[in-house]
Amino acid sequence: MKLQSIVLAALLSTAFGGAMAENYTSPVIALVGDNAGSWTKGFETNHQVGDFTDSWTFSYSGVAADATGFVKNLQNSKSNIDFYSATLNGVALDISNIGKKSEIEFFDLPVNGTLNLVLTGKAFGTNASYAGTIDVTTAVPEPTTYGMLLGGLGVMGFLARRRKA
């Protein structure tokens, strides 16, 4: 009976021992901004064979904005990545695993504050990697909008002054 238990344990350990999972949680990454209301940052990582879950956290000024970006992997003779799921602040993103290319793209997703990008997938081969970019932009009024605002304030001031007299 003892020998049977050992053989059964050995068989089970080989059946379930091949699975590996990698998890990566980034520190908070500050998006690089300019004075025109846009922020951007590139990111990348690599994985060994097996399933992975990566969590990327980005921050910017926190004003209401739109996020656009992509994540891509190109297969080579030694490694590849297939993405299973991707979310940005809980919103599911479009994934494509076709031929030698795996990619995630998103356009004009409303954001406000911290962004959390979570990617799950599987790495094949050694040092399978992906890279991406995230851009956050706020609506910047055109100069004519400011002109209309100042003109409207001028008319309101003129009418208020006229009523006083």
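Trainee: Which residue lies over the face of phenylalanine 70?

Mentor: In this predicted model, lysine 72 lies over that face, at 5.7 Å from the ring centre of phenylalanine 70.

Trainee: Where else does the side chain of lysine 72 take part, and in what kind of salt bridge?

Mentor: Side chains of opposite charge can pair when their charged atoms come close. Here the side chains of lysine 72 and glutamate 103 meet in a salt bridge, with 3.0 Å from N to O. The pair links distant parts of the chain, 31 residues apart: lysine 72 belongs to strand E5 and glutamate 103 to strand E9.

Trainee: How many salt bridges does a search of the whole structure find?

Mentor: The search finds 1 salt bridge.

Trainee: Is glutamate 103 buried or exposed?

Mentor: Burial is read from relative accessible area, and under 20% counts as buried. Glutamate 103 has 14% relative accessibility, so it counts as buried. Lysine 72 is partly exposed, its relative accessible area being 32%.

Trainee: What is the geometry of the pair formed by phenylalanine 83 and tyrosine 130?

Mentor: The planes of phenylalanine 83 and tyrosine 130 stand at 70° and the ring centres are 5.6 Å apart, so the pair is edge-to-face. Strand E6 (residues 79-88) holds phenylalanine 83 and strand E11 (residues 128-137) holds tyrosine 130, 47 residues apart. Phenylalanine 83 and tyrosine 130 are both buried. Elsewhere, ring pairs link Phe43, Trp56 and Phe58 into a cluster.

Trainee: How many residues does the largest nonpolar core have, and which elements supply them?

Mentor: The largest nonpolar core has 28 residues, and those with the most contacts inside it are Phe58, Leu88, Leu115, Leu117, Tyr130 and Val136. Elements giving two or more residues to this core are E3, E4, E5, E6, strand E9 (101-111), strand E10 (115-125) and E11.

Trainee: Which residues are in contact with valine 136?

Mentor: With neighbours within four places in sequence left aside, the contacts of valine 136 include Leu31, Trp39, Tyr60, Ala65, Val111 and Leu115. Trp39 and Tyr60 are the residues of the tilted pair discussed above.

Technical notes: Residues numbered from 1 in each chain as written. Predicted model: local features only at pLDDT ≥ 70, side-chain atom pairs only at ≥ 80, totals over all residues. Heavy atoms only, no water. Phe/Tyr/Trp six-rings, centres within 6.5 Å; stacked < 30°, edge-to-face > 60°. Helix = DSSP H or I, 4+ residues; strand = E, 2+ residues; numbered from the N terminus. Buried < 20%, exposed > 50% of the residue type's maximum accessible area, 1.4 Å probe, protein only. Lys NZ or Arg CZ within 6 Å of the ring centre and 35° of its normal. Core = buried A, V, L, I, M, F, W, Y, C linked by side-chain atoms within 4.5 Å. Contact = heavy atoms within 4.5 Å. Salt bridge = Lys/Arg side-chain N within 4 Å of Asp/Glu carboxyl O.
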